[in-house]
Amino acid sequence: MAWQFLSRHMAMLTLAFAIAAYIYPALFLPFKAVFLWLFAATMFALGVVLKPEEARSALAHPSRIALGVLCQYSIMPLLGFTAATVLLWQGASPALALGFIIVGCAPGAMASNVITYLAGGAVAFSIAMTMVATLLSPLLTPSLVELLGGAMMQIPFWPMMQTIVLSVALPLMLGMQLRKRLGHQLPQAEVIAPGIAAIAIIIICAYAVAANHDRIAQTPWLVVLLVILLNGLGYLLGWFSGRLFGFDQSHKITLAIEIGMQNAGLGVALALKHFEPTTALPGALFAVWCIITAAGMTRWQERRAS
């Protein structure tokens with residue numbers, strides 16, 4: 001089905017639309033007026049597909065979720081801060097450096113649930129981590145951005161919190177409420193919702209590329225390298241954290257994916273809303289790169305299991 005094609009091939013489509021946005025930026029610049037609505041649509045879709053029984057199963061182990069969320073909001077913010085510091089040492093603008101901090105302070109990506117399923121991870125744990133980290137994001141994300149990036153630029157804490165409440169928490173809860181009322185139409189909605197989310201994420205990333213067209217052409221190799229390292233070290237440190245906590249194989253896979261795959265779409269949305277377009281560049285690059293690496297990881301995991 002078309003909707004399943006969209007969700008299963010999001011990596012390929014994200015890359016294709018990012019290239020199209022770079023070649024023909026004028027096609028995607030009109031989405032400036034609606035990118036926050038598009039992001040809200042991804043959170044609404046996540047609320048529709050969240051299964052209460054899976055959440056209850058994962059919540060039966062609250063300490064495991066707490067450790068996972070602690071890793072989410074410590075490992076990646078510190079990696080983002082380190083990347084930003086390196087950029088500042090190299091003479092980059094504070095706006096560009098701040099982009100790495102915003103990516104690092106975002107919650108886990110919605111796509112991580114799909115990737116976890118394909119990679120043979122613990123899906124309920126993935127969903128619970130995504131849900132808890134996302135619900136905490138209105139407080140933790142702007143707080144961490146202000147703590148780690150306040151010395152670089154003035155951080156609009158309350159406007160950022162308001163943006164996250166309106167584009168993350170509220171749509172997520174509305175989606176969860178709609179799920180309860182769908183009845184026999186729920187199976188169809190569970191197929192359509194991930195496809196809608198995929199479309200929204202693809203367009204958001206494409207718009208971020210279009211808005212940064214001239215900057216991408218002049219992007220230093222160091223920025224690209226730091227995006228790759230931020231993603232790779234997130235996977236690696238997530239895996240070793242799971243090993244340190246004594247998690248089994250499936251939960252180690254899940255933690256690695258949850259830590260390495262940030263909700264860069266949220267980072268891009270926040271950067272475009274509250275800062276200059278340059279700040280969205282790391283998030284746009286990270287969004288494309290992390291989806292590609294996650295898709296590659298699932299293929300490797302499938303071959304390994306076969």
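Reader: Which residues of α7 are buried?

Author: The model is a predicted one, in which local features need pLDDT of at least 70 and side-chain atom pairs count only at pLDDT 80 or more, while totals for chains, interfaces and linings use all residues. Residues are numbered from 1 along each chain as its sequence is written, and side-chain values use heavy atoms, with hydrogens and water left out. Buried means under 20% relative accessible area, exposed means over 50%, and partly exposed lies in between (1.4 Å probe, protein chains only). Helices (H or I, at least four residues) and strands (E, at least two) are DSSP runs, numbered from the N terminus. In α7 the buried residues are Ala-95, Leu-96, Ala-97, Leu-98, Gly-99, Phe-100, Ile-101, Ile-102, Val-103 and Gly-104. Helix α7 spans residues 94-104, and ten of its eleven residues are buried, so it is largely enclosed by the rest of the structure.

Reader: What is the relative accessibility of Ile-101?

Author: Ile-101 has 0% relative accessibility and therefore counts as buried. Its C-alpha atom is separated by 7.2 Å from that of Leu-148, 47 residues apart along the chain. As a further case, Leu-140 is found in helix α9 and, at 27% relative accessibility, counts as partly exposed.

Reader: How many helices and strands are in the chain, and what percentage of its residues count as buried?

Author: The chain has 16 helices and zero strands. Of its 306 residues, 55% count as buried. Contact means heavy atoms within 4.5 Å. Among contacts in the chain with a separation of 6 or more, 83% come from residues 24 or more positions apart.

Reader: How is a pair of aromatic rings described?

Author: Such a pair is described by the distance of the centres and the angle of the planes. Rings of Phe, Tyr and Trp (its six-membered ring) pair if their centres lie within 6.5 Å; planes under 30 degrees apart count as stacked, over 60 as edge-to-face and the rest as tilted. A search of the whole structure finds four aromatic pairs. For Phe-125 and Phe-247, the ring centres are 5.9 Å apart and the planes stand at 90°, so this pair is edge-to-face. Phe-125 lies in helix α9 (residues 123-149) and Phe-247 in the loop between α13 (221-244) and α14 (249-260), so the pair ties together parts that are 122 residues apart in sequence. Both Phe-125 and Phe-247 are buried. Elsewhere, ring pairs link Phe-17, Phe-28 and Phe-31 into a cluster.

Reader: Which charged end sits over the ring of Phe-247?

Author: A charge sits over a ring if NZ of Lys or CZ of Arg is within 6 Å of the ring centre and within 35 degrees of the ring normal. Here the charged end of Arg-64 sits over the ring of Phe-247, 5.7 Å from its centre.

Reader: How are two packed helices described?

Author: They are described by the angle between their axes and the distance between the axes. Axes are lines fitted to C-alpha atoms, for helices over the stretch in contact, and angles run from 0 to 180 degrees between N-to-C directions. The axes of α13 and α14 come within 7 Å and cross at roughly 145°. Residues meeting in this contact include Tyr-235 and Trp-239 in α13 and Ile-253 and Ile-257 in α14.

Reader: Which residues does Thr-254 touch?

Author: Thr-254 is placed in helix α14 and, at 0% relative accessibility, counts as buried. Not counting residues up to four places away in sequence, Thr-254 touches Thr-116, Gly-121, Ala-122, Phe-125 and Ser-126.
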